[in-house]
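Reader: I have a new protein model on my screen, and I would like to learn how to read it. Could you take me through some of its features?

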Amino acid sequence: MASSTALVYDEEMTSYKLLWDNAECAIENPERISISYKSLQHYGLVERCLQLPVREATEEEITIIHSPEYLEVVKSTQTMDVEELRKTSEKYIAAFFHPNSYRCAKLSLGGTLQLVDAVMSGDVRNGLALIRPPGHHSQPSESNGFCVFNNVAVAAKYAKTKYNLQRILIVDWDIHHGQGIQNIFEDDPSVLYFSWHRYEHGSFWPNLRESDYDFIGKGKGTGYNINLPWNQTGMSNGDYIAAFFHVLLPLAFEFNPDLVLVSAGYDSGIGDPEGCMHATPECFSHLTHLLMHVGNGKLCVVLEGGYHLRSLAESVSMTVKTLLGDPLPRLSGEMAPCFSALESIQNTRHVHAPYWKCMLHDETRLIQEPSTKGLSTAYPSHTDASTVDEFLENHMKKILYAIPLSTTCVLSPGADTSRLPTNVQVEECTVPSEQIKGAIRVLCVGIGDLDPKLSSTNDGKTFMLIISEDKPSERVHSDYQCFLQWNENLGEGSSFFYALFRFILPLAYSYQPDLIIITVENNRSIGTKDILLLTSLLQGLSQGAVLSIVPESEPELTEALCNVLAGCHSTMDFGPYKPPTEECVHDLKDEAVSMEKEWKLLQCFGGLPYLLEESLTS
Ligand code: X5A
Ligand code: ZN
């Protein structure tokens, strides 16, 4: 199994630029990728990646999506003078051509296809293409929004044909709606397209009615186009992570793609003059980490927008660092979605509920009159770019402290160690780790029947989450304790996704532990793969500090867990999707509703969030 990460970059893609005055287009400049590449060098990430050369996409590849007539137009720009270039550019919306545009667009697309080939052939596990021009706005016969060829859309069709793939997931975290990708795949159920975007009820570019949450695809593709419009600026880490937990991830795991492509625009990050959002660079580590678990880990991250140079460069670096398997920095900021984000999430969930088994038993209500409707979103026009530079300078220092991490496996004397990964240290006694003593907040996840009184404290220093077949008869009510009833006979691996994404992870991210202890009892009620997935995802919290305690009677689980803890992922096939039962969903909802005031990422359950109920009664 390939363990490496590919990086696609070529300086030649800096060889085109805007040749006349145009404030709208000026932000898409060559420095975007050269400075990002410098940042990757600065963090020592370039040499850790497999560096892939770019190549020109062939005409045949370009015309997988684009019309021959449009290809001829783009080709003809090579020999134009500035006046002709300007005239041609004006035929399209927010587009500009340079004599080198055609060459760079071919390299940009070719580079994307190189990445797809490296991932699909198994040469690498995942990778990032640092390219320009971007692609997601481009239409079959139109340049749009700085995009010439639709890199990700071509890549999806190319991969489907060449590798005979059944399903591809495209995650578009750029802050603009990738209307090009939406148009191309709107009636295609083999490509699930997810996009969040600044929308403000249609007042933000590209101002399309069909970017709203209720555009869900057409014909056979109905239900396979997921729009999550942001109706306010200033969305932060808590909003993005809530969108992943409550919208994207449950659907992505049900969809079970063979390949994940990310239209990775970093204009959704802090300081960006287009997005005006507040997500900090490490947020992209977490988004990346979560997506690394979808399908079989085949993940291609392809640059789209991103116009604040420092923010872009830091976010790109955090993405690559995560692709390489480094421990994640803690996600900063308040782990609570804002009210407007909750409304958007709820509406998107509502319109998709009829099409997805994982939402079969959800009670979702449509919010017809979002609180932001008719309001002009008054945001401080632009946060000063240099203020953001300063902020990022400090912020990155704070989050990038190095924690030397290794994995230790403690076994009873004489136990068989031959099947453990070689980078795991084996010890024969219990280690009262310094990390445990020093930890401020410990999340204990007990799988199987456990006596909650054993480890229960109510001082906030420990949180006890028990996943077992039966609810305990005697129950202590506490903000730091909860029970999740989950039954083995519901089958291995399938329906547990629901509990994982909609409950366990939101809770864990809200609590923000420094250390996670997972204990597995003999009478566990969830499957081996469930435990592995849970462990791997929880590693994204607590900078990777996870301690697992497994009964000696489970050598296979021990071996597999050691692999996960040591960062040697293996592909996990969960088999056909089985939806959660109605009982489980209702049970989980009750639990979530009782805890959402304290652990705010749990909001988004069922009906109206408590905030609204409060505002209605007052
Ligand atoms: C790729 C991308 C944005 C175009 C904005 C035009 N394009 N106002 O981020
Ligand atoms: Zn964008």
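Reader: Let me start with one residue. Which residues does aspartate 587 touch, not counting residues up to four places away in sequence?

Author: Contact means heavy atoms within 4.5 Å. By that rule, aspartate 587 touches Lys471 and Gln485, once residues up to four places away in sequence are set aside. Glutamine 485 is 102 residues apart from aspartate 587 along the chain, yet their C-alpha atoms are separated by 7.8 Å.

Reader: What should I know about the model itself before going on?

Author: This is a predicted model, in which local features need pLDDT of at least 70 and side-chain atom pairs count only at pLDDT 80 or more, while totals for chains, interfaces and linings use all residues. Residues are numbered from 1 along each chain as its sequence is written, chains are lettered from A and ligands numbered from 1 in the order in which they are written, and side-chain values use heavy atoms, with hydrogens and water left out.

Reader: Where is aspartate 587 found, and how exposed is aspartate 587?

Author: Helices (H or I, at least four residues) and strands (E, at least two) are DSSP runs, numbered from the N terminus. Aspartate 587 is found in helix H19, residues 582-595. For exposure, buried means under 20% relative accessible area, exposed over 50%, and partly exposed in between (1.4 Å probe, protein chains only). Aspartate 587 has 24% relative accessibility, so it counts as partly exposed.

Reader: Let me zoom out. How many helices and strands are there in the protein?

Author: The protein has 20 helices and 15 strands. Its radius of gyration is 24 Å, close to the 25 Å that the globule rule gives for 618 residues, so the protein is as compact as a globular protein of that length. That radius is taken over C-alpha atoms, and the globule rule is 2.2 Å times the number of residues to the power 0.38. Along the principal axes, the C-alpha atoms fill a box of roughly 80 × 60 × 50 Å. Of the 618 residues, 61% are buried. As for contacts between residues at least 6 apart in sequence, 77% join residues at least 24 apart.

Reader: How do I read a strand that is mostly covered?

Author: Begin with the general idea: in a regular strand the side chains alternate between the two faces of the sheet. Now take strand S14, residues 515-520, where 6 of its 6 residues are buried. Leu515, Ile517 and Thr519 point one way, Ile516, Ile518 and Val520 point the other way, and all are buried.

Reader: Which strands pair with S14?

Author: Two strands pair if DSSP finds at least two bridges between them. Strand S11 (residues 442-447) pairs with S14 in the parallel sense over 6 bridges, and valine 520 in S14 is the bridge partner of isoleucine 447. Strand S15 (residues 546-549) is joined to S14 by 4 bridges, and these two run parallel. There, serine 548 in S15 is the bridge partner of isoleucine 518.

Reader: Valine 520 interests me. Which residue touches Val520 and Arg524?

Author: That is glutamate 554, again not counting residues up to four places away in sequence. Glutamate 554 sits in the loop between S15 and helix H18 (555-565). Its relative accessible area is 15%, so glutamate 554 is buried.
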